[in-house]
Amino acid sequence: MHITVIGAGAWGTAMAMAACRHPGQHVVRLHARDASQAAAMQAQRQNLRYLPGVELPENLSVLTGPVEALLSGQPQELWVLATPMSGLRSNLQRLQQVQAPLAWLCKGFEAGTGLMPHEVQAQTAPGLQAGALSGPSFALEVARQQPTALVAASAHAAVRNAMVQAFHGPALRVYANEDIVGVEVGGAVKNVLAIATGLCDGLNLGLNARAALITRGLTEMTRLGLALGAKAETFMGLSGLGDLVLTATGDLSRNRKVGLLLAQGLSLAQAVDSLGHVAEGVYSARTVWQRAQSLGVDMPITEAVVALLDGRLQAREAVQVLMGRGPRGESV
Ligand SMILES: NC(=O)C1=CN([C@@H]2O[C@H](COP(=O)(O)OP(=O)(O)OC[C@H]3O[C@@H](n4cnc5c(N)ncnc54)[C@H](O)[C@@H]3O)[C@@H](O)[C@H]2O)C=CC1
Ligand SMILES: O=C(CO)COP(=O)(O)O
């Protein structure tokens with residue numbers, strides 16, 4: 001296959017590397033917005049800024065320049081958008097004429113509009129056949145070819161198949177799922193819950209508290225998903241429970257790190273600056289909560305994270321608020 005990956009951060013680079021190493025002998029291009037970064041990657045055969053210490057495969061070409069220029073030349077069989085949520089809309093606009101399937105890798109709800117990625121696509125590039133590639137996957141582990149499982153979600157079978165064909169291989173299993181709403185809700189909400197769990201661990205609230213937070217977090221994620229039309233079973237899968245467990249407990253997570261740093265007393269700005277990478281939960285928390293509110297869905301953990309990020313609550317006060325809620329039944 002001919003595959004173009006747009007966005008040369010940690011995740012775009014790792015997935016471009018995975019495609020290069022695939023036994024299908026794909027021809028892979030990785031597009032970096034920043035010309036100096038593209039030149040450095042070509043010269044050093046590493047992505048020193050976002051994925052230091054991992055050698056790029058010889059057959060990976062790194063390009064830069066206007067995204068529109070990628071549209072001429074050899075037709076592509078899969079386009080992969082690997083920017084953060086904030087870059088999704090503008091890049092979909094640039095790519096709205098492509099004929100081949102397109103997959104985005106970002107996890108979140110769009111700031112400002114509160115839209116899920118597939119809703120942004122329906123607005124900006126409705127003619128595209130597209131979907132989301134999600135699931136529990138730290139970029140560094142994929143770049144190192146450590147075993148990983150992903151979900152290829154789309155309403156279109158051709159898009160699901162293209163993602164599977166591009167990436168399913170000896171180190172990466174790719175499962176297909178038609179429930180794009182469920183997969184995208186899981187990807188967005190788990191980032192918010194990972195901030196909460198980082199805080200919980202940073203405050204040494206204990207293992208009981210962490211298990212409770214993850215489990216009740218899964219419940220509120222499911223509640224929102226069902227209100228948006230997702231299938232309940234998706235939340236028990238890789239993009240729901242799987243990614244929630246990984247991000248909430250894995251120290252490679254940037255969102256978890258934000259929570260840990262806030263617990264140490266850093267301001268949000270200091271915590272975000274120290275990461276050097278995007279932590280989508282910081283930008284999605286408010287939009288997720290607003291969308292939940294508009295649907296009448298109760299999301300107390302997300303609400304507490306929003307209040308914390310806004311500076312309306314201190315971490316210990318947020319714990320009191322969550323623990324002080326009245327009794328209720330356990331079901332969704
Ligand atoms: N790093 C990871 O382990 C994983 C990340 N993701 C998701 O993938 C998305 C990207 O994450 P990372 O690569 O880790 O972020 P990162 O912070 O490592 O890199 C972001 C990259 O996107 C580029 N970028 C930003 N805005 C852009 C735009 N408008 N057009 C083109 N490029 C743009 C930046 O220059 C940078 O190269 C996020 O939504 C994240 O939640 C999903 C799974 C795993
Ligand atoms: O989405 C991820 C793992 O699946 C990466 O999580 P972080 O953005 O918190 O590092």
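I take helices (H or I, at least four residues) and strands (E, at least two) as DSSP runs, numbered from the N terminus. I number residues from 1 along each chain as its sequence is written, and I letter chains from A and number ligands from 1 in the order in which they are written. The model is predicted, and for that reason I keep in mind that local features need pLDDT of at least 70 and that side-chain atom pairs count only at pLDDT 80 or more, while totals for chains, interfaces and linings use all residues.

**Entry 1**

I sorted the shell by class, with Ala, Val, Leu, Ile, Met, Phe, Trp, Tyr, Cys and Pro as nonpolar, Asp, Glu, Lys and Arg as charged, and the others, Gly among them, as polar.

**Entry 2: ligand 2**

I then turned to ligand 2, which 14 residues surround, the closest being Ser137, Thr247, Ser253, Arg254 and Asn255. Helix H7 (180–202), helix H9 (238–249) and helix H10 (254–263) each supply at least two residues of the shell around ligand 2, and H9 gives the most, with 3 residues. By class, I find 5 nonpolar, 5 polar and 4 charged residues in the shell around ligand 2. Ligand 2 lies between domain 1 and domain 2, because both give residues to its shell.

**Entry 3: helix H10**

As H10 contributes to the shell around ligand 2, I checked its burial, where a residue is buried if 20 or more other C-beta atoms lie within 10 Å of its own, exposed if 12 or fewer, and partly exposed in between, with C-beta atoms placed from the backbone. In H10, 9 of the 10 residues are buried, so the helix is largely enclosed by the rest of the structure. The buried residues include Arg254 and Asn255, and also Arg256 and Lys257. For packing I used contact, meaning C-beta atoms, placed from the backbone, within 7 Å. The buried residues of H10 pack against H7, H9, helix H11 (268–275), helix H12 (280–295), helix H13 (300–309) and helix H14 (315–323). H10 is followed by Gly265, whose phi is positive, near 100 degrees.

**Entry 4: between the domains**

I noted that the centres of domain 1 and domain 2, taken over C-alpha atoms, are separated by 25 Å, and that 26 residues of domain 1 are in contact with 24 residues of domain 2. On the side of domain 1 that touches domain 2, helix H4 (117–124), strand S8 (130–134), strand S9 (148–153) and strand S10 (172–177) each supply at least two residues, with S9 giving the most, 4 residues. That side of domain 1 has 17 nonpolar, 7 polar and 2 charged residues.

S9 and S10 run parallel and are joined by 6 bridges, and Ala152 has Ala176 in S10 as its bridge partner. The chain crosses from S9 through helix H6 (residues 157–167) to S10 in a right-handed β-α-β crossover, where right-handed means that, with the strands pointing away from the viewer, the path from the first strand over the helix to the second runs clockwise.

**Entry 5: strand S6**

In a regular strand the side chains alternate between the two faces of the sheet. In S6 (residues 78–81) I found both faces covered, with Leu78 and Val80 buried on one side and Trp79 and Leu81 buried on the other. Strand S1 (residues 2–6) pairs with S6 in the parallel sense over 4 bridges, and Thr4 stands opposite Trp79. S6 also runs parallel to strand S7 (residues 102–104), joined to it by 3 bridges, and here the bridge partner of Trp79 is Leu102. S6, H3 and S7 make a right-handed β-α-β unit.

Note on methods. A residue is near a molecule or strand if its C-beta atom, placed from the backbone, lies within 6 Å of it. Domain bounds come from an automatic or database domain assignment. Two strands pair if DSSP finds at least two bridges between them. Two residues are in contact if their C-beta atoms, placed from the backbone, lie within 7 Å.
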